[in-house]
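Welcome! Please take a look at the sequence and the model below, and keep them at hand while you read.

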Amino acid sequence: MKETFPKMTNQPSSVRFYAMLMIGVGFIAIGIMLFLLLVKNPPAPSSTSSRPSIAPVEVDFSAPELVLEDLAGNRVSLQDYAGNVVLVNLWATWCPPCKEEMPALQAFYEKYQSEGFVLIGIDQEEPLEVVKPFVEEYGLTFPIWLDEDYLAEREFKTNSLPSSFVIDRTGRVRLMWFGGVSEKFLEEHVTKLIKE
């Protein structure tokens, strides 16, 4: 007697076919829902993603003998502030991170000026007609100097804006950094030199 076996086919059963179809449709539906959620509520950018991380560099060199003019046309010098802690900030009105950090610089200056702290903003290359309206708009009360010939950049050996240098009470440059900063950054890194 000859045994007969059921004929084997490579075609899936209709149950398996519909199960796989439902799984595929489910994955597609989940993908569409995630896409719609991301389009409707994109993830918020972190505060550090748009700006590179700024870190001060500890240095130790003599402050340059820098002589420029202030907004009133008076000759001014870093030597005029001997005995103070001086933050020299090189900036320009067209520079976005320079604009962004101005309120923090102003607030820090107001808080510590009575403790022998001076902030000098040295505008690079721009004339008085451009700088003065900017200073008025931002309500800046710290000394602003004009440097149309990039003398400060050459003396401090930088070509980045903003660039900042902190001079201690003995006339030594002790900290430097490139890029815009916050008031918290200034509190963390500059206050200790003021308190020395």
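Does Glu125 count as buried, partly exposed or exposed, and what is its relative accessibility? With a relative accessibility of 42%, Glu125 counts as partly exposed. Please bear in mind that this is a predicted model. The protein chain holds six helices and eight strands, and the points below take you through them.

**The chain as a whole**

- Read from the N terminus, the elements follow the order α-β-β-β-β-α-β-α-β-α-β-β-α-α.
- The protein chain has 196 residues, and 38% of them count as buried.
- Among contacts with a separation of 6 or more, 71% are made by residues 24 or more positions apart.

- The average pLDDT of the protein chain is 86, and 75% of the residues score at least 70.
- Residues 42–52 have a pLDDT below 50, and in the model this stretch has four contacts beyond near neighbours in sequence.
- Where pLDDT is low, the predicted coordinates should not be read in detail.

**The sheet and the helices on it**

- Eight strands make an open sheet with mixed pairing, in the order S1-S8-S7-S4-S5-S6-S2-S3.
- At the edges are strand S1 (57–62) and strand S3 (75–77), each of which pairs on one side only.
- From one strand to the next, the twist averages 35 degrees.
- Strand S5 (residues 117–124) and strand S6 (residues 144–147) run parallel and are joined by four bridges; Asp123 has Leu146 in S6 as its bridge partner.
- Helix H2 (residues 96–112) packs on the sheet, where it touches strand S4 (85–91) and S5, and its direction makes about 155 degrees with that of S5.
- Helix H3 (residues 128–138) lies across S4, S5 and S6, and it runs at about 155 degrees to S6.

**Strand S7, inside the structure**

- Five of the five residues of strand S7 (residues 163–167) are buried, so this strand is largely enclosed by the rest of the structure.
- In a regular strand the side chains alternate between the two faces of the sheet.
- In S7, Ser163, Phe165 and Ile167 point one way, while Ser164 and Val166 point the other way, and all are buried.
- S7 pairs with S4 in the antiparallel sense over five bridges, and Phe165 in S7 stands opposite Val88.
- S7 also pairs with S8 in the antiparallel sense over five bridges, with Trp177 in S8 as the bridge partner of Ser164.
- The hairpin of S7 and S8 has four residues between the strands, and in this hairpin Gly171 takes a positive phi near 90 degrees.

**The nonpolar cores**

- In soluble globular proteins, nonpolar side chains tend to be buried together.
- The largest nonpolar core here has 29 residues, and those with the most contacts inside it are Leu87, Phe117, Phe142, Val166, Trp177, Leu186 and Val190.
- Two or more residues of this core come from each of S4, H2, S5, H3, S6, strand S8 (172–178), helix H5 (183–189) and helix H6 (191–195).
- H2 gives the most to this core, with six residues.
- Which residues does Val166 contact, leaving aside its neighbours within four places in sequence? Its contacts include Val85, Val86 and Leu87, as well as Arg172, Val173, Arg174, Leu175, Trp177, Val190 and Leu193.
- There is also a second, separate core of 20 residues, which includes Ala63, Val76, Phe156 and Met176.

**Loops worth a look**

- Glu125, the residue from the opening question, is in the loop between S5 and H3.
- Phi of Glu125 is near 80 degrees, a positive value in a residue other than glycine.
- Lys157 is in the loop between H4 and S7, and it has a positive phi of about 55 degrees although it is not a glycine.
- Lys157 is exposed, because its relative accessible area is 73% and the cut-off for exposed is over 50%.
- Pro162 is in the loop between helix H4 (151–156) and S7.
- The peptide bond that joins Leu161 and Pro162 is cis, with an omega of about -10 degrees.

Technical notes:
Residues are numbered from 1 along each chain as its sequence is written. Side-chain values use heavy atoms; hydrogens and water are left out. Two strands pair if DSSP finds at least two bridges between them. Axes are lines fitted to C-alpha atoms, for helices over the stretch in contact, and angles run from 0 to 180 degrees between N-to-C directions. Contact means heavy atoms within 4.5 Å. Buried means under 20% relative accessible area, exposed over 50%, partly exposed in between (1.4 Å probe, protein chains only). pLDDT is the predictor's confidence in each residue, from 0 to 100. A nonpolar core is a set of buried Ala, Val, Leu, Ile, Met, Phe, Trp, Tyr and Cys residues joined through side-chain atoms within 4.5 Å.
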